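Here is a short briefing to read alongside the model. Have the sequence and the 3D view open, and follow the topics in any order you like.

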Amino acid sequence: MNTTGHINNLRRKLTRFFSGLLLISDTSEADFNQNISQVKKILICRPNHRLGNNLLLTPLVNELTKIFPNSEIHLFTKGDIGDLVFENFKDVVRLIKLPRKPFKNLIEYFTCWFAILDDNYDLVINSNEQSSSGILATKLSKSKYKFYNILNDKLTHFKDYKHHAKNPIYNIRYQVKNQLDRVNKKIPKLDVKLRNYEIQNGEKLLKSMFRNQKPVISIFTFATGDKCLSKHWWIELYSKIKNFQDNYNVLEILPAENISQIDFAAKTYYSRDVREIASVMSNVKIFIGADSGIMHLAHASKTKTIGLFNVSKPEFYGVYGNGNMSVDTKITSINKLINLIESELA
């Protein structure tokens, strides 16, 4: 492990230690329901810099705007990706952003923590029960009502209760049972809230990539670590996807690492602009890719998404709604996956 890895590991251990010293319990349900109309200022704690984890917050933000209309939302996050994800969420008025490299930016790092201590909130939510930094921030914040997102035994009958996007929504709905007329029955999907002009620009970009105007199948062959499926696997899948080319174009979206598991055999597209990538994907017929930030971005762009899982668990990170599917590649053959793709295209 390099020096940066040692420092980050030490930081995580210290955060877990201090959060473990604090007695953690959720707010009284009855008391909260009596004062729900007083909630006008909300803090959501999810200090994580990854694109996927920020996108997984969007359903909770959309839910809170329904339950607490006209409230302002602050996000305690990390890095700058939240600026892009939440730039079109009118109720998100402030992002408190921890630096990605805290030991190189100590003043900025502690300034963010002091911002949590300095402000007053009506409600604070730790959005992920596995986040020790989120738990600590929730505990240190100034608010009468705090939800640590502790797993509730009374809600485990929901099969998707543990999903990282859905879990805090189930928990907050349980607390506001008297307000369920304000809540959509379905859990909100991931949503990057593309503007109309962004979608139209994505359509123009997509049309400029192909001479014909056939619908587009998009693939993303990269993922970090063990989540990245092998070249052999992707080349076999692509050889079968090519059978759809009489009716569809195929576009490979490239990662920043400029890696292609099919050796750049298909038309490729790359951009450093996350919202531009989302705008292009919003115009394709279907997206197929491994569990990654780009997979979650496809989901959030409202295109039909097939997420491929072989290490991480779909029950925590899977795509959902809108005909989206999470496929376990360890038990699903490539031929069966092709049948699923063909069915979705139909």
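Does Thr268 count as buried, partly exposed or exposed? Thr268 counts as partly exposed, because its relative accessibility is 29% (buried means under 20% relative accessible area, exposed over 50%, and partly exposed in between, with a 1.4 Å probe and protein chains only).

Before going further, please note that this is a predicted model, in which local features need pLDDT of at least 70, side-chain atom pairs count only at pLDDT 80 or more, and totals for chains, interfaces and linings use all residues. Residues are numbered from 1 along each chain as its sequence is written, and side-chain values use heavy atoms, with hydrogens and water left out.

**The chain as a whole**

- The protein chain has 14 helices and 11 strands (DSSP runs numbered from the N terminus, with H or I and at least four residues for helices, and E and at least two for strands).
- Of the 346 residues in the protein chain, 54% are buried.
- Among contacts between residues at least 6 apart in sequence, 62% join residues at least 24 apart (contact means heavy atoms within 4.5 Å).

**Around Thr268**

- Thr268 lies in strand S8, residues 267–269.
- Leaving out residues up to four places away in sequence, Thr268 touches Leu251, Glu252 and Leu254.
- Thr268 and Leu251 are 17 residues apart in sequence, and their C-alpha atoms are 5.6 Å apart in space.

**Helix H14 and its buried side**

- Helix H14 covers residues 334–345, and its 12 residues should span 16 Å at 1.5 Å a residue, which agrees with the 16 Å between its end C-alpha atoms (the expected span is 1.5 Å times one less than the number of residues).
- The buried residues of H14 are Ile334, Leu337, Ile338, Ile341 and Leu345.
- These residues cover an arc of only 100 degrees around the axis, so they sit on the same side of H14 (the arc is that of the directions from the helix axis to the C-beta atoms).
- Packing against the buried residues of H14 are helix H10 (231–241) and the strands S6 (216–220), S9 (286–290), S10 (305–309) and S11 (325–328).

**Trp233 in helix H10**

- Trp233 lies in helix H10 and counts as buried because its relative accessibility is 14%.
- Apart from neighbours within four places in sequence, Trp233 is in contact with Leu308, Thr329, Ile334 and Leu337.
- Trp233 and Thr221 are 12 residues apart in sequence and 9.9 Å apart in space, C-alpha to C-alpha.

**Two loop residues with positive phi**

- Most residues other than glycine have a negative phi.
- Lys302 has a positive phi, near 75 degrees, and is placed in the loop between helix H12 (293–300) and S10.
- With a relative accessible area of 55%, Lys302 is exposed.
- Asn322 also has a positive phi, about 60 degrees, and is found in the loop between helix H13 (314–317) and S11.
- With a relative accessible area of 41%, Asn322 is partly exposed.

**The cavity**

- There is one cavity of 30 Å³ or more (on a 1 Å grid over the protein atoms alone, a cavity is a set of points where a 1.4 Å probe fits but cannot get out).
- The largest cavity holds about 60 Å³ of space (grid points are joined across faces, edges and corners, and the volume is the space filled by probe spheres set on the points).
- Lining the largest cavity are Arg46, Asn53, Leu56, Leu57, Leu60, Ser127, Asn128, His164, Ala165 and Pro168 (lining residues have an atom within 4 Å of a point).

Methods: On a 1 Å grid over the protein atoms alone, a cavity is a set of points where a 1.4 Å probe fits but cannot get out, and a pocket is an open set with protein on both sides within 12 Å along at least five of seven lines; lining residues have an atom within 4 Å of a point.
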